[in-house]
Structure formats: structure tokens, C-alpha cells
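Visitor: I have a fold open on my screen and would like to learn how to read it. Can we start with how helices pack?

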Amino acid sequence: MSVTTRVLKVDAVRPDPAIIDEAAAALREGKLVAFPTETVYGLGANALDESAVAKIFVAKERPATDPLIVHIAHIGQLGSFAATIPSGARLLGLSFWAGPLTLILPKRSAIPDIVTAGLPNVALRVPIHRVARALVEMAGVPIAAPSANRFSRPSPTTADHVRADLDGRVDLILDAGPSDIGLESTIVDFTVAPPVVRRHGGVSLERLREVLPEIESGSAYGAVTAAQPAPGQFLRHYAPRSPLTLYVGDIGRVTDRLGKDIRTQVASGKRVGLLALEEDLLALAPALAAQAASGRVVTRPYGARSDVERSAKELFMALRSLDQEDLDAIFATAPDPEGLGRAIRDRLERAAEGNVILA
Ligand code: TXA
Ligand code: MG
């Protein structure tokens, strides 16, 4: 499949109705439209059009066993696509929509099987980004949209990321600048009791539990072939091209160990990437002064321990930028697994494909 990909700039705060109209028409015609959301960019198709949805899987090279999130305009549409809505799900929807939350519920037959990979459940979300909301409203149909990256690559937080992965595979990209949150939505599964978080994301577990204390924190890593409590939660995900090692634990011990390991690599002629929080880079600076001068350590800060929101926003950007370098290895640090830090840590553990060192 090869199409000419058009990119249209659109204001994130006051989207031009003519542009939204054009994108909505393209969706209704069965075309693929990549669009910004508050979490990451999505690759959208009319969720009610099976052949349009099929194009998403081809464009992303995504396995047909990995279901898609359906974006709707407001909570009032929930009943059209979900067969039953437990009171807890309604409560979360009322509390966090529009916003970075996805609910898994039993599906109605209006949603084609291809969207849910044959599962009897559908993932539904109401995005808050003005462009996304305007698009869903103007399209007049629900929009199936996974993150607009090639399968197993980091999610895109800018239109350039989308183009890098999907140029020639998507008809239209709406460019409204970088995504605010930078991590995907939190997914809560209401087909089990108590409900379980299947993917940590833009709404933290702490905030969810303020509204619904019984929510459980699932961690659903599995092999690519494994069948699916939370399909798509494969270990190989968000993977950069160079192997990534994640260091977690006491910060002092992490930076000691990391400093030593980087010096060893550089001494043996390797070129390494360092993806770390600002405080960790400061702590590492004395140990790495000589290596930094060698040009063999490519450093990418992403936010700070004192500012995990910025870490979330900058994470995928930093990962993709390290990917542009010719590196033998990437070393990373992560925030503590609480609040948004839990989602950041999860993405890095996946990027590390299990290669995690507890210092
Ligand atoms: O923030 C987001 O959620 C972004 C934006 C574009 O909305 N979308 C996104 O979609 O991250 P995607 O496809 O990259 O991730 C969706 C995850 C996948 O792991 C998929 O397996 C899971 O949601 N999922 C979708 N439908 C499901 C279902 N019916 N049951 C269980 N898991 C489901
Ligand atoms: Mg994705």
C-alpha cells in the first residue's frame, strides 16, 4: 500500500473547522487519518467500516490479534457501543472523561469484530484534545485509533514521529504540535471484578482509586504469542533500535553502577546513549566527565524526579532521538513507580525487554 501522505497544520486550541471537516470527510470515505490526542498521536479510521479498520493493521504492521481503542465524542455515546456499563465504569467515565482514560467493556454488535480482534469486549475512550474531539464529532462515527507508530516502535508524540513511521501509509496527518501528556491513556478493564488496570497511563492509579478504591493494578507482561488478558501488552514494545538496559533501585547505587558500566563500555570502544532524569545526570556528571569529552556518550535528559509530568512528556521524544544516533547500547534511569512514574517505568521496562538491573 502506498498513498501520498498529506500533512495539515491545525491549531491545537482553536482548530480550523475547514481542516477538521476535510479530515472527517476522509474518515467517512474510509481513509486513514493520523490525529493528535492529549496522550499520543492516533492512527484513525471509521470504527464502523471494516475495510477502513483493516488498513490500520496493514499500515502499522500490527498483528490482527491486537485490538484497537475506539474514540467517542462523549460519555453519552457509551451505551451505543458497550452492552453493559457497570456503575464503577460509569463513575470513572464521569470523573475522568474527556481525558486519558480507556474503559474495557462488553461490546455491542455495532462494533465490528476486526476492531476488537474477535474479543467480546471493546476499549472505549473520550479524548480531551480539541482536535481529536472536533474530529470525532464532525466525523459522526466512532474512530478506531491505535497509537500512530509502526508496531513495537515508541508511540508518536509529534506529527514528525508519525511521518517517520507511516509516510506513504496514511492519507492525512493533522499536525497540532507535541502531545501534552506524552504517554498513552490508562486502560481499566471492567469485564472482571474488581476492575483491573491493564495499562498504566495518563491517569494515575492513585487518582483512579480516589474515585474507585477497589481497582487493582495489573501488570500484564507476556510473550508476543501469549493469549490475552490484555492483548498487545507484549513485552517487546516501545523498543528502540539499540538494546536498552534499565537501572532501578536506590538512586545512589543506580548512579554508581551506571557510571561504572558506562565507563567500561566506552573503554572498550562502544558508543552509548544515556537516557536519564536530570537529578541522575547531575549525580553522574563527575563520574562521566572524561567519557563525555570522548563523544562516545550521547546524553538525553527526560524531565526530572521532581517533575514526572515533564518526564512523561519527553520520554518517547528522547527515545526516538536516541534512535537517530548510531549506538551500541542505551542505558536508562526511571522515576519511582508511583503516580505517572508507574507508567513511565512500565514503558521503559518494555523498551528494555526485561533487561532491568536492580542496583
Ligand atoms: O492514549 C491512547 O490510548 C492512544 C491514543 C491514540 O488514544 N491509543 C493507544 O492505542 O495507545 P494502542 O492501540 O497503541 O494501545 C491500545 C491498547 C493495546 O495494548 C490493546 O491491546 C488494548 O489497548 N486493547 C484495545 N482493545 C482492547 C480490548 N477489547 N480488550 C483488551 N485490551 C484492549
Ligand atoms: Mg500503541
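Visitor: How do α8 and α9 lie to each other, roughly parallel or roughly antiparallel?

Guide: Two packed helices are described by the angle between their axes and the distance between those axes. This model is predicted. Here the axes of α8 (residues 251–267) and α9 (residues 278–294) cross at roughly 10 degrees. They come within 9 Å. Angles under 35 degrees count as roughly parallel, so α8 and α9 are roughly parallel to each other.

Visitor: Which residues make the contact?

Guide: From α8, take I251, T255, L258, G259, I262, R263 and V266. From α9, take D280, A283, L284, A287, L288, Q291 and S294.

Visitor: What classes of residue does the contact of α8 with α9 have?

Guide: Eight are nonpolar, four polar and two charged.

Visitor: Now the whole chain. How many helices and strands does the protein chain have?

Guide: Eleven helices and 16 strands.

Visitor: What radius of gyration would a compact globule have with 359 residues?

Guide: It would be near 21 Å; the protein chain has 20 Å, which agrees. The C-alpha trace spans about 60 × 50 × 40 Å along its principal axes.

Visitor: What percentage of the residues count as buried?

Guide: Of the 359 residues, 56%. The chain exposes about 14,200 Å², and carbon and sulfur atoms supply 50% of that area.

Visitor: And what share of the contacts with a separation of 6 or more comes from residues 24 or more positions apart?

Guide: In this protein chain, such residues account for 72% of those contacts.

How values were computed: Residues are numbered from 1 along each chain as its sequence is written. Chains are lettered from A and ligands numbered from 1 in the order in which they are written. This is a predicted model: local features need pLDDT of at least 70, side-chain atom pairs count only at pLDDT 80 or more; totals for chains, interfaces and linings use all residues. Side-chain values use heavy atoms; hydrogens and water are left out. Axes are lines fitted to C-alpha atoms, for helices over the stretch in contact, and angles run from 0 to 180 degrees between N-to-C directions. Helices (H or I, at least four residues) and strands (E, at least two) are DSSP runs, numbered from the N terminus. Angles under 35 degrees count as roughly parallel, over 145 as roughly antiparallel, 65 to 115 as roughly perpendicular and the rest as oblique. Contact means heavy atoms within 4.5 Å. Ala, Val, Leu, Ile, Met, Phe, Trp, Tyr, Cys and Pro count as nonpolar, Asp, Glu, Lys and Arg as charged, and the others, Gly among them, as polar. The radius of gyration is taken over C-alpha atoms; the globule rule is 2.2 Å times the number of residues to the power 0.38. Buried means under 20% relative accessible area, exposed over 50%, partly exposed in between (1.4 Å probe, protein chains only). Accessible areas come from the Shrake-Rupley method with a 1.4 Å probe; for residues, only the protein chains shown count as cover.
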